[in-house]
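Subject: Structure for you to look at

Hello,

Here is the structure I promised to pass on. Please open it first, then read my notes below.

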Amino acid sequence: MENNNDGVESLIKKLIYQGVGIAAMTKDKLEQAVKELISSDKISSEEGKKIVEDFTKNMDTKAKDTEKKIRDVVNDALAKFRPASKSDVEDLKKRIEALEQKIAALD
């Protein structure tokens, strides 16, 4: 089961990193647009700074919410479809061997 968790963690991290990469590109575009608005005197530099800060805070909050949702979905799926562990398989083998011995004794 530990290997499954490592794979799940890796998948979650990849999804989050992709989201962060997209958000970073979006932030870069926003910053560029804000600079253009400031240079054309449509907004003040303080307003531009506030826009970028608000976007960053919002992005961080949404990233954390998304990470939690992904983890919850993956954990729910694993709980429903948990593969047998090595010890589960070994226990079943022992039970089968014991049943085979009982059947053989009946013959």
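**The loop and Asp41**

Asp41 sits in the loop between helix 1 and helix 2. This is a predicted model, so please read everything here as computed. Asp41 is not a glycine, yet its phi is positive, at about 60 degrees. Most residues other than glycine have a negative phi. Is Asp41 buried or exposed? Asp41 has a relative accessible area of 69%. The cut-off for exposed is over 50%, so Asp41 counts as exposed.

**Confidence**

The mean pLDDT of the protein chain is 85. Of its residues, 94% reach 70 or more. Among the elements, helix 3 (residues 86–106) has the highest mean pLDDT, 95. Helix 1 (residues 2–39) has the lowest, 79.

**The core**

Which residues form the largest nonpolar core? There are 6: Val8, Ile12, Ile16, Ile70, Val74 and Leu78. Helix 1 and helix 2 (45–80) are the elements that give two or more residues to this core. Look at Ile12 there. Leaving out residues up to four places away in sequence, Ile12 touches Ile70, Arg71 and Val74. In soluble globular proteins, nonpolar side chains tend to be buried together.

**Helix 2**

Helix 2 has 36 residues. From its first C-alpha to its last it reaches 52 Å. That is close to the 52 Å expected at 1.5 Å a residue. Its buried residues are Gly48, Val52, Ile70, Val74 and Leu78. Ile70, Val74 and Leu78 also belong to the largest nonpolar core. An α-helix has 3.6 residues a turn, so residues three or four places apart point the same way.

Lys68 is in helix 2 too. Its relative accessibility is 51%, and exposed means over 50%, so Lys68 counts as exposed. The C-alpha atoms of Lys68 and Ala105 are separated by 55 Å. Along the chain, these two are 37 residues apart.

The largest pocket has a volume of about 230 Å³. It is lined by 13 residues. Closest to its centre are Ile16, Gly19, Val20, Met59 and Ala63. The elements that give two or more residues to the lining are helix 1 and helix 2. Which element gives the largest share of the lining? Helix 2 does, with 7 residues. Ile16 is also one of the residues of the largest nonpolar core.

**Helix 3**

Helix 3 has 21 residues. At 1.5 Å a residue they should span 30 Å. The end C-alpha atoms are 31 Å apart, so the span agrees. How many residues of helix 3 are buried? The count is 0, and the helix is hardly covered.

Arg95 is in helix 3. Arg95 is exposed, because its relative accessible area is 58% and the cut-off is over 50%. Arg95 and Gly21 are 74 residues apart along the chain, and their C-alpha atoms are separated by 51 Å.

Ser87 is in helix 3 as well. Its relative accessibility is 46%, so Ser87 counts as partly exposed. From C-alpha to C-alpha, Ser87 and Thr66 are 34 Å apart in space. In sequence they are 21 residues apart.

Best wishes

Notes
Residues are numbered from 1 along each chain as its sequence is written. This is a predicted model: local features need pLDDT of at least 70, side-chain atom pairs count only at pLDDT 80 or more; totals for chains, interfaces and linings use all residues. Side-chain values use heavy atoms; hydrogens and water are left out. pLDDT is the predictor's confidence in each residue, from 0 to 100. Helices (H or I, at least four residues) and strands (E, at least two) are DSSP runs, numbered from the N terminus. A nonpolar core is a set of buried Ala, Val, Leu, Ile, Met, Phe, Trp, Tyr and Cys residues joined through side-chain atoms within 4.5 Å. Buried means under 20% relative accessible area, exposed over 50%, partly exposed in between (1.4 Å probe, protein chains only). Contact means heavy atoms within 4.5 Å. The expected span of a helix is 1.5 Å times one less than its number of residues. On a 1 Å grid over the protein atoms alone, a cavity is a set of points where a 1.4 Å probe fits but cannot get out, and a pocket is an open set with protein on both sides within 12 Å along at least five of seven lines; lining residues have an atom within 4 Å of a point. Grid points are joined across faces, edges and corners, and a volume is the space filled by probe spheres set on the points.
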